[in-house]
Amino acid sequence: MNEQEHMDWDRFEEGVSIILKGAQHLETPDFIYSIPKGGLVLGVRLCHRIREKAKLVTNLEDFAEESEDLSGKFLWIVDDISDTGKTLKNSLSKAIKRFKRENVKIITLYKKTGTAAVPDICAFEVPDSRWIVFPWEKK
């Protein structure tokens, strides 16, 4: 059976601070794509903490319109955890159809050691056997 780690709101805020410190060398994003549902809380919090005009996006199909040139824009793909990496890799492949690959960054609170999608920035690393219970998942 997998061991569980219960994240509380203080640990969440610690993770957000770690992410923002690690992102100081990055361009400020024009867009933050929060992967539903796990990435939504993190994406909103990052938008508030960055205090820039980063637009929060919850659907990559919003970028399907070909009329806007996004080649010089910066995108953060945000999720709570990079577990297998399948969701993040899928999102990345969609995003690079419109954005330059070097302008797209993957940001997560957690990454598992065996993930196929290693984030550009993550706050915490855990073994593959650990199950994270996030504060917004608690009943």
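At what angle do helix α1 (residues 9-22) and helix α2 (residues 40-50) pack, and how far apart are their axes? In this predicted model, local features need pLDDT of at least 70 and side-chain atom pairs count only at pLDDT 80 or more, whereas totals for chains, interfaces and linings use all residues. Residues are numbered from 1 along each chain as its sequence is written, and side-chain values use heavy atoms, with hydrogens and water left out.

The two helices, α1 and α2, pack at an angle of about 60 degrees with their axes 11 Å apart, and they are therefore oblique to each other (angles under 35 degrees count as roughly parallel, over 145 as roughly antiparallel, 65 to 115 as roughly perpendicular and the rest as oblique). Trp 9, Phe 12, Glu 13, Val 16, Ser 17, Ile 19 and Leu 20 in α1 meet Val 41, Leu 42, Arg 45, Leu 46, Arg 49 and Ile 50 in α2, contact meaning heavy atoms within 4.5 Å.

Ser 82, found in strand β4 (residues 75-82), counts as buried at 0% relative accessibility, where buried means under 20% relative accessible area, exposed over 50% and partly exposed in between, with a 1.4 Å probe and protein chains only. The side chain of Ser 82 makes a polar contact with that of Thr 115 at 2.6 Å (a pair of N or O atoms within 3.5 Å; within protein, one must be able to donate a hydrogen and the other to accept it, and residues adjacent in sequence count only if both atoms are side-chain atoms).

Glu 5, in strand β1 (residues 3-6), is likewise buried, with a relative accessible area of 17%, and its side chain makes a polar contact with the side chain of Tyr 110 (2.6 Å).

Terms used: Axes fitted to C-alpha atoms, helices over the stretch in contact; angles between N-to-C directions. Helix = DSSP H or I, 4+ residues; strand = E, 2+ residues; numbered from the N terminus.
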